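Let's take a walk through this one together, from a pair of packed helices to the ligand site.

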Amino acid sequence: MAASRYDLDRAALAALLAGEPAYRARQVWDGLHRRAAEPAEMTDLPAALRTRLDEALPPALTLVAESTSDGGDTVKWLWRLAGGDRVETVLMLYPDRATVCVSSQAGCAMACGFCATGQAGFSRHLTTGEIVEQVVRAVRRARPRRLSNVVFMGMGEPLANYDATWAAVERIHDDLGLSARSITVSTVGVVPGIRRLATESLPVNLAVSLHAANDALRDELVPLNRRYPIAAVSEACREWIAATGRRLSFEWALIAGVNDRFSDAAELAAVALPLRAHVNLIPLNPTPGYATPGTPPARVRAFRDRLRAHGVNATIRRNRGTDIDAACGQLAAGSRPAAVEVVRRPG
Ligand code: SAH
């Protein structure tokens, strides 16, 4: 089978275009990336070549379903990949810009019980081209807005698929032309991956999904904590900050009665302050396999205020796309764990 459209590198594209004038490879590469164009739209190419490229460079993502929410401002795509696996991408539109949330794996092996992707289990890594193509689709759909941000916060653990993820980051930066500062990689705390990020030359943002600031609770919520406990994650983050000079952020999904007490805020402050980390708070979104609800809004604000009183920089993240299962932690690509009771909060 032909390599997918964005899984070809420049050399492979040049080989495909052997016999054409030398400038063609660059022209097609720029068309695919800078202009986010499909071969058929490359009207600066001879028609026969367009047709040939269309066949030789098939897209990796086949649209299964598109859903929209927030009056059309949140778009979720369900894609089918070669081999049949399914993944989702979420595009958030703002008046003059847009953010895309991309998947890095079909499923996830991290098994966080409160996350729909974790509940579904791991299927496979995405390729670089499959990740890049999600961004290209977003660039096209966002027009006339500029795609301003790419966040690796969709399905999967990006640092468990490091090589493909990093190659995608480089392609998004070098070829699609986004700045490194507008790209965010989110991780549950894969320590070797954070260390590797510290050695990269592109200064992307790092978000760590913390959710608990003591090991007993975090062992339960984020099973990878048993392998890389909070002290080890903090140390790797410290190295990353020292190497990049970038600001770290912690994600904290507030779960009623579980990690939203003032004692949790105090523990979180103790971890966040020495790293001068920014904390992003979000009430837990409902998922089929996890019964405990998210923290109510008033309590979310009280938790934020408590963090601020400790001197922590904390904000509440606006939630988008909950009604189409497009919000944080809700991406399951149509898979529904069979053995668990479906628990949905009304509203
Ligand atoms: N595996 C990486 C990338 C996914 S990012 C990571 O976990 O960081 C998805 C974000 O949504 C993570 O911060 C995750 O902890 C959070 N999340 C998962 N389930 C959620 C839920 N039910 N409600 C709100 N946030 C959730």
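**Helices, loops and a ligand**

Start with two helices: α5 passes α6 in a right-handed crossing. Keep in mind as you look that this is a predicted model. To find the pair, pick out residues 128-142 for α5 and residues 162-174 for α6; their axes come within 8 Å and cross at roughly 40°. What do we call that arrangement of α5 and α6? Angles under 35 degrees would count as roughly parallel, so α5 and α6 are oblique to each other.

Now stay on α6 and look for its other partner here, helix α7, which covers residues 191-199. The axes of α6 and α7 sit 12 Å apart, and the packing angle is about 30°. That falls on the other side of the cut-off, with angles under 35 degrees counting as roughly parallel, and α6 and α7 are therefore roughly parallel to each other. The handedness is right-handed here too: that is how α6 passes α7.

Next, a couple of backbone details. Go back to α5 and follow the chain out into the loop between α5 and β7 (146-152), where you'll find P144. The peptide bond leading from R143 into P144 is cis, and its omega is near 10°. The other detail is at H211, in the loop between β9 (205-209) and α8 (215-221). H211 isn't a glycine, yet its phi is positive, at about 65°.

H211 also takes us to the ligand. Which residues come nearest to the ligand? Out of 20 around it, they are F114, S186, S209, H211 and N285. Sort the whole shell by class and you get nine nonpolar, nine polar and two charged residues.

Zoom in on the backbone and a few polar pairs show up. At N285, a polar backbone atom is 2.8 Å from a nitrogen atom of the ligand. How much of the ligand does the protein bury? On its own the ligand would expose 530 Å², and the protein buries 94% of that. As for the elements that each give two or more residues to this shell, they are β8 (183-187) and β10 (248-254).

Technical notes
Residues are numbered from 1 along each chain as its sequence is written. This is a predicted model: local features need pLDDT of at least 70, side-chain atom pairs count only at pLDDT 80 or more; totals for chains, interfaces and linings use all residues. Side-chain values use heavy atoms; hydrogens and water are left out. A residue is near a molecule or strand if one of its heavy atoms lies within 4 Å of it. A polar contact is a pair of N or O atoms within 3.5 Å; within protein, one must be able to donate a hydrogen and the other to accept it, and residues adjacent in sequence count only if both atoms are side-chain atoms. Accessible areas come from the Shrake-Rupley method with a 1.4 Å probe; for residues, only the protein chains shown count as cover. Helices (H or I, at least four residues) and strands (E, at least two) are DSSP runs, numbered from the N terminus. Ala, Val, Leu, Ile, Met, Phe, Trp, Tyr, Cys and Pro count as nonpolar, Asp, Glu, Lys and Arg as charged, and the others, Gly among them, as polar. Axes are lines fitted to C-alpha atoms, for helices over the stretch in contact, and angles run from 0 to 180 degrees between N-to-C directions. Angles under 35 degrees count as roughly parallel, over 145 as roughly antiparallel, 65 to 115 as roughly perpendicular and the rest as oblique. A crossing is left-handed if the near helix is turned anticlockwise from the far one by less than a right angle, and right-handed if clockwise.
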